[in-house]
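Trainee: I would like to learn how to read a sheet and the helices packed on it. Can we work through one example together?

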Amino acid sequence: MNNPAEPGVTTHSTTDPGSALRPLAIDVVSVQSQVVYGRVGNNVAVPALQAQGLTVATVPTVVFSNTPHYPSFHGGAIPADWFGGYLDDLFARHALTQVRAVLTGYMGSPQQAQLLATWIERLLKVRPALQVVIDPVLGDHDTGQYVSPDMADAYPRHLLPLADGLTPNGFELQQLTGSTASDIDGVVAAARRLLTGRTQWIVVTSAAPAAWPDNQMLVAVVTRHEHKILSHARIDASPKGTGDLFSATLTGQLLGGASLVDAASYACDQLIAALKLTRQAQSAELLLPAIAGLMSVQAG
């Protein structure tokens with residue numbers, strides 16, 4: 001009887017036990033954080049993408065017990081050799097022959113960003129129509145920067161040049177461009193500074209807080225030649241993971257053929273529905289409408 005491999009030990013076999021079978025066809029590779037408890041990163045992105053009929057491969061950048069705002073917190077970044085191995089083994093399993101998008105969120109280190117960029121470049125050579133959506137997670141207006149300072153340099157150095165689209169919040173846009181972007185004109189101008197090379201669009205959430213109408217929030221959808229400002233209700237609930245839900249929902253809609261504005265509008269609607277459900281349940285963590293609806297059907 002064969003002994004299972006020890007954790008963390010790479011094993012090699014001369015034969016692939018699944019070589020005579022078809023690989024699982026992956027639609028989206030989601031590269032984000034993972035928590036044991038909570039609804040952030042891949043804990044949000046995967047169900048949001050699956051609810052849109054997409055098959056997802058999840059690559060964790062960090063594994064935490066929960067988000068750091070709780071009194072206790074354990075875990076850390078995935079080691080670089082593990083992280084690179086997770087990505088490389090998707091090629092080795094022939095799982096990427098039909099992949100349509102790569103979605104990234106919270107990164108554990110600049111080295112991970114570099115490894116991921118190299119892997120995306122390799123993937124683009126065989127999947128040139130691949131959609132690369134980068135959520136450059138750095139922080140937020142209410143919390144400030146909550147990643148290491150060198151990540152603000154790692155994103156433009158490694159990942160932003162490979163993106164078809166970006167989904168920063170207003171704070172992250174400021175960090176990436178060095179602009180105050182305090183009003184909508186400033187947000188649009190700053191966003192267009194990032195529209196170079198492959199990058200065709202930017203959707204800025206929580207854009208220009210000083211310009212928000214009463215009980216509303218603004219989202220700026222910006223391309224090289226036009227922009228549209230979306231407004232949605234401001235819900236009295238502030239769970240973590242809202243940006244992860246937004247970018248995953250947006251990505252799924254784009255893969256389904258929606259226009260950028262329609263995809264962003266739908267993502268706003270789903271986010272508001274999630275926040276209302278979370279507030280109604282007085283939940284400490286984000287509740288997702290699609291999951292809640294599925295659970296109701298199963299219970300019935």
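Predicted model: local features only at pLDDT ≥ 70, side-chain atom pairs only at ≥ 80, totals over all residues.

Trainee: How many bridges join E4 to E5, and in which direction do the strands run?

Mentor: Strands of a sheet pair through backbone hydrogen bonds, either parallel or antiparallel. Four bridges link E4 to strand E5 (residues 131-134), and the two run parallel. Strands (E, at least two residues) and helices (H or I, at least four) are DSSP runs, numbered from the N terminus. Two strands pair if DSSP finds at least two bridges between them. Strand E1 (residues 28-35) is also parallel to E4, with four bridges. There, Val-28 has Ala-101 of E4 as its partner.

Trainee: What is the order of the strands in the sheet?

Mentor: The sheet is open, with nine strands in the order E3-E2-E1-E4-E5-E8-E9-E10-E11 and mixed pairing. Strand E3 (75-77) and E11 are the edges; each has a single partner strand, so one side of each lacks a neighbour in the sheet. E10 and E11 run antiparallel, joined by seven bridges. One of these pairs Gln-216 with Ala-233 of E11.

Trainee: Which residues of E4 are buried on each side?

Mentor: In a regular strand the side chains alternate between the two faces of the sheet. In E4 (residues 101-104), Ala-101 and Leu-103 are buried on one side, Val-102 and Thr-104 on the other. Buried means under 20% relative accessible area, with exposed over 50% and partly exposed in between (1.4 Å probe, protein chains only).

Trainee: At what angle do H1 and H7 pack?

Mentor: Helix H1 (residues 42-50) and helix H7 (residues 242-255) pack at about 25°, axes 8 Å apart. Axes are lines fitted to C-alpha atoms, for helices over the stretch in contact; angles run from 0 to 180 degrees between N-to-C directions. H1 and H7 are therefore roughly parallel (under 35 degrees; over 145 is roughly antiparallel, 65 to 115 roughly perpendicular, the rest oblique). The contact (heavy atoms within 4.5 Å) includes Val-44 and Ala-48 of H1, and Leu-245 and Gly-252 of H7.

Technical notes. Residues numbered from 1 in each chain as written. Heavy atoms only, no water.
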